[in-house]
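Visitor: I am new to this structure and would like to understand the words used for it. Please show it to me, and then let us go through the terms with care.

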Amino acid sequence: MDVREATKSDYPAIAAVYNAAYPADSYRTTAADIQQWDESLSPRYKSRRLVAWVEESVVGVVHAFIPLDHYHPQKFAFFFAVHPSHQGRGIGAGLYDHFLVRLRDDDPISLRTMARDDMQTGIRFLTTRGYAE
C-alpha cells in the first residue's frame, strides 16, 4: 500500500470509495461534489485529503478539515473510508497512521469524526484508537 496526498485526478476514485463504503446513504458523492468542496474552501479552513493505493487503484481515503461551523486552527474533523473489498487487510490502520503523521504539522488539539451505528467495524476501529461518543 502506498499513501499520498490526493489530487484532482483522484476525485472519481475517491467518490467510488465513499459510495462503496457507505452504500446505504441516500446521498451519493460525486467527483464534482468533491471538487466543489475543495474549491469553495477559504485557505483559512485547512483541508487535507490522503489516498491509499494498492495495485494502481485508490482503495482508501481520509479527509481532514477544519469544520466550517466553528473555526479553530487546531480543531479538525475527518472522514475516513476503505473500499469494502480491501477492508480487514490493515489498509485502514496504515492510512490512519499516515494521516496522523501528516496532520502533526498542523498541531491539532482535537480530532472529531462520526461513525454510523450499523457499521460496527468502523466503530471498533475508532474506539481502539481512543475515540468515544
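Guide: Helices (H or I, at least four residues) and strands (E, at least two) are DSSP runs, numbered from the N terminus. By that rule Asp106 lies in a loop, between helix H3 (91-103) and strand E5 (110-112). What you see is a predicted model, in which local features need pLDDT of at least 70 and side-chain atom pairs count only at pLDDT 80 or more, while totals for chains, interfaces and linings use all residues. Residues are numbered from 1 along each chain as its sequence is written, and side-chain values use heavy atoms, with hydrogens and water left out.

Visitor: How many helices and strands does the protein have, and how do its elements run from the N terminus on?
Guide: The protein has 4 helices and 5 strands, and from the N terminus on they run β-α-α-β-β-β-α-β-α.

Visitor: Which residues does Asp106 touch, not counting residues up to four places away in sequence?
Guide: A contact means heavy atoms within 4.5 Å, and with those neighbours in sequence left out, Asp106 touches Lys46, Arg48, Pro73, Gln74 and Phe76.

Visitor: What makes Glu55 and Glu56 count as buried or exposed?
Guide: Glu55 has a relative accessible area of 73%, so it is exposed, and Glu56, at 69% relative accessibility, counts as exposed as well. Glu55 lies in the loop between strand E2 (47-54) and strand E3 (57-65), and the place of Glu56 is also in the loop between E2 and E3. Phi of Glu55 is near 50 degrees, a positive value in a residue other than glycine, and phi of Glu56 is near 70 degrees, again positive in a residue other than glycine.

Visitor: How do you know what span is expected of H3?
Guide: The expected span of a helix is 1.5 Å times one less than its number of residues. H3 has 13 residues and reaches 18 Å from its first C-alpha to its last, close to the 18 Å expected.

Visitor: Which residues of H3 are buried, and what do they pack against?
Guide: The buried residues of H3 are Ile91, Gly92, Gly94, Leu95, Tyr96, Phe99 and Leu103, and they pack against strand E1 (2-5), E2, E3, E4, E5 and helix H4 (120-128). For Gly92 the relative accessibility is 12%, which is why it counts as buried. Not counting residues up to four places away in sequence, Gly92 touches Phe80, Val82 and Phe125; Gly92 and Ala52 are 40 residues apart in sequence and 8.6 Å apart in space, C-alpha to C-alpha.

Visitor: What do the buried residues of H1 pack against?
Guide: In helix H1 (residues 11-21), the buried residues are Tyr11, Ile14, Ala15, Val17, Tyr18, Asn19 and Ala21, and they pack against helix H2 (31-40), E2, E3 and strand E4 (75-82).

Visitor: How do you know whether the radius of gyration of the protein agrees or disagrees with a compact globule?
Guide: The radius of gyration is taken over C-alpha atoms, and the globule rule is 2.2 Å times the number of residues to the power 0.38. With 133 residues, a compact globule would have a radius near 14 Å, and the protein has 14 Å, so the value agrees.

Notes:
Buried < 20%, exposed > 50% of the residue type's maximum accessible area, 1.4 Å probe, protein only.
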